[in-house]
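Here is a short report on a single chain. It covers the sheet, the helix packed on it, and some backbone angles.

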Amino acid sequence: MDAVSTPRAHLVDGSLYVFRAWHSMPDEFHDVDGHPTNAVHGFTRFLCELLERVRPTYLAVAFDAALTTSFRNGIYPAYKANRELPPMELERQFVRCREVAQALGIHVLSDHTYEADDLIGSSLWMLRGHGVPSVIVSADKDFGQLIGPDDEQWDYARNQRWGPEGVHAKLGVHPHQVADYLALTGDAIDNIPGVPGIGAKTAAALLAHFESLDALLERIEEVAFLRLRGAAACAKRLREHADTARLCRRLTRIALDAPVPENPDALRPRRTDAERLDALCETLRFGPLTRNRLHALAGA
């Protein structure tokens, strides 16, 4: 596939960049009602810069609305239970960030059952079916499982981009093994336990030998004979925690059946109402520089 001439879709992990703005922007911005808008300002700057650099043919921004209502919570109630819910000030700013994206004519993805990862994964799957390669704009390692030969992941803040080979360079496993890898190692951020005592290097070595978690668990007896430090103890832990590993993979695997548009054209940026954009800028008390950037991008 010609990477230059083929239009690419950019799928943005919106929540990640809202959180980054919340933590990095000074608390000196407020809307007309006096509510903080530091995250909105930071996210809007990021979005403007992205659009100015890329001018994407297809674009969607996904936000998490399933912090406690994800289908994964039904599978494992402790999922993400270690996280504090965003404070009300940040919740309010998430709403405003979605409004900014919509005011720019960007397709916004949000669902109370599926997380942003699932919405991005399902969109990528739809786009792939139509021959459209995707760029996932996020630093989250979980997205490695989605990267196909023509896709990329882009850590925008560090300006680092990688494809399937980059996934292997970072994690030691191929994209189709990432969900299995995370099921073995666990993920403390999401409160996914994994198999006790199995770290990143061991998980990568096991999957290099057995190829998949299913094959590994079917052939546990072979593990003790591998040239692997602590192989016998590793085999014992796998036998004891096989069910946990299978459960964890149900949590680490990104869903590809979330409700997303069925056609790439739905992700084409749209021209928007200038009056609506003006009203939002007024509410958020954006300065003239930000207003001009937004108007230029909304009409492009």
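## Pairing in the sheet

Two strands count as paired if DSSP finds at least two bridges between them. By that rule β4 and β5 are a pair: three bridges link them, in the parallel sense. Ile 136 has Gln 153 in β5 as its bridge partner. The model is predicted.

The whole sheet is open and holds six strands. Their order is β3-β2-β1-β4-β5-β6, and the pairing is mixed. β3 (107-109) and β6 (160-162) are the edge strands. Each has a single partner strand, so one side of each lacks a neighbour in the sheet. From one strand to the next the twist averages 20 degrees.

Strand β1 covers residues 9-13, and strand β2 covers residues 58-62. The two run parallel and are joined by five bridges. Within this pairing, His 10 stands opposite Leu 59 in β2.

Helix α1 (residues 14-24) packs on the sheet. The helix touches four strands: β1, β2, β4 (134-137) and β5 (152-155). The direction of α1 makes about 50 degrees with that of β1.

In a regular strand, side chains alternate between the two faces of the sheet.

What is the sense of the pairing between β5 and β6? It is antiparallel, over three bridges. Trp 154 stands opposite Arg 161 in β6.

Four residues lie between the strands of this hairpin. Asn 159 takes a positive phi there, near 55 degrees.

## Positive phi in two loops

Most residues other than glycine have a negative phi. Arg 55 is not a glycine, yet has a positive phi of about 50 degrees. Where is Arg 55 found? It sits in the loop between α2 (38-54) and β2.

Lys 80 is not a glycine either, and its phi is positive at about 60 degrees. Lys 80 belongs to the loop between α3 (71-75) and α4 (88-103). Is Lys 80 buried or exposed? The cut-off for buried is under 20% relative accessible area. Lys 80 has a relative accessible area of 11%, so it is buried.

## Summary

The sheet is open and mixed, with β3 at one end of the order and β6 at the other. Helix α1 packs on this sheet. Positive phi values occur at Asn 159 in the β5-β6 hairpin, at Arg 55 and at Lys 80.

Note on methods:
Residues are numbered from 1 along each chain as its sequence is written. This is a predicted model: local features need pLDDT of at least 70, side-chain atom pairs count only at pLDDT 80 or more; totals for chains, interfaces and linings use all residues. Side-chain values use heavy atoms; hydrogens and water are left out. Axes are lines fitted to C-alpha atoms, for helices over the stretch in contact, and angles run from 0 to 180 degrees between N-to-C directions. Contact means heavy atoms within 4.5 Å. Buried means under 20% relative accessible area, exposed over 50%, partly exposed in between (1.4 Å probe, protein chains only).
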